[in-house]
Amino acid sequence: MSRLTVAALAASMLPLVSAIAQPSQTGEKRAFTIAAIEPRGGANVSQEALPTDPLPAGGGYVLRHPDQTGRWEVSTYLWSTPQIVVHQGDAVSLDFVGINGAAHPTEIKGLDKVFTLKRGHVVKVEFTADKPGIYPVICSAHQPTMRGEIVVLPRSP
Ligand SMILES: [Cu+2]
């Protein structure tokens, strides 16, 4: 490739690079899916003893004692997407989806959004990210684990 061709190629890529590096001035449409999930693991007492250390209180952790076959399980309730990063001015659309757990009483602090997410339902939350900051997404039934955050970064001048 000649030097001239390389220079022309680099010049043609400049607008693309700057579009990635800097958010547009008017804000973008951003959409995310956030599922209520419960990863779990377990073992049989014949292979692994039931843990005796207490798990943190608050409903976020669940330890199921051995069933009739000797299998015990541990799980935790989580938001599948624990952190979302947008820019000031973006139009944000969040689809909360209930997969595990019957109900999740939820608040997005600082955005005045309160709802209960039930299994099998989708709660859509839309807002414009007016103010930079960190907005916690808290399910009060499953703490301390079911805590996410929406990060709104300031738009560069
Ligand atoms: Cu929950």
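Me: A residue is called buried if 20 or more other C-beta atoms lie within 10 Å of its own, exposed if 12 or fewer do, and partly exposed in between, with C-beta atoms placed from the backbone. What makes Gly89 count as partly exposed?

Reply: Gly89 has 17 C-beta neighbours inside 10 Å, and so it counts as partly exposed. This is a predicted model, in which local features need pLDDT of at least 70 and side-chain atom pairs count only at pLDDT 80 or more, while totals for chains, interfaces and linings use all residues. Residues are numbered from 1 along each chain as its sequence is written.

Me: Where in the chain is Gly89, and which residues is it in contact with beyond four places in sequence?

Reply: Gly89 sits in the loop between β6 (83-87) and β7, where strands (E, at least two residues) and helices (H or I, at least four) are DSSP runs numbered from the N terminus. Once neighbours within four places are left aside, Gly89 is in contact (C-beta atoms, placed from the backbone, within 7 Å) with Thr26, Gly27, Ala129 and Arg155. Gly89 and Phe127 are 38 residues apart in sequence, yet their C-alpha atoms are 9.8 Å apart in space.

Me: How do you know that β1 and β7 are paired, and how do they run?

Reply: Two strands pair if DSSP finds at least two bridges between them, and 8 bridges join β1 (residues 29-37) to β7 (residues 91-98), which run parallel. Within this pair, Phe32 stands opposite Leu94. On the antiparallel side, 7 bridges join β7 to β10 (residues 122-128), with Val97 opposite Val122.

Me: Why is one side of β5 and of β10 left without a neighbour in the sheet?

Reply: The open sheet has 4 strands in the order β5-β1-β7-β10, and its pairing is mixed. β5 and β10 stand at the edges with a single partner strand each, and therefore one side of each has no neighbour in the sheet. The partner of β5 is β1, to which it is joined antiparallel by 2 bridges, and in this pair Ile37 stands opposite Leu78.

Me: Which residues touch the most other members of the largest nonpolar core?

Reply: A nonpolar core is a set of buried Ala, Val, Leu, Ile, Met, Phe, Trp, Tyr and Cys residues joined through C-beta atoms within 7 Å; among the 17 residues of the largest one, Trp79 and Met146 touch the most other members. At least two residues each come from β1, β5 (78-79), β7, β11 (133-139) and β12 (147-153), and β7 gives the most, with 3 residues. Not counting residues up to four places away in sequence, Met146 touches Gly60, Tyr77, Leu78, Trp79, His104 and Cys139.

Me: How many helices and strands does the chain have, and what share of its residues counts as buried?

Reply: The chain has 1 helix and 12 strands, and 15% of its 157 residues count as buried. Of the contacts between residues at least 6 apart in sequence, 70% join residues at least 24 apart.

Note on methods
Contact = placed C-beta atoms within 7 Å.
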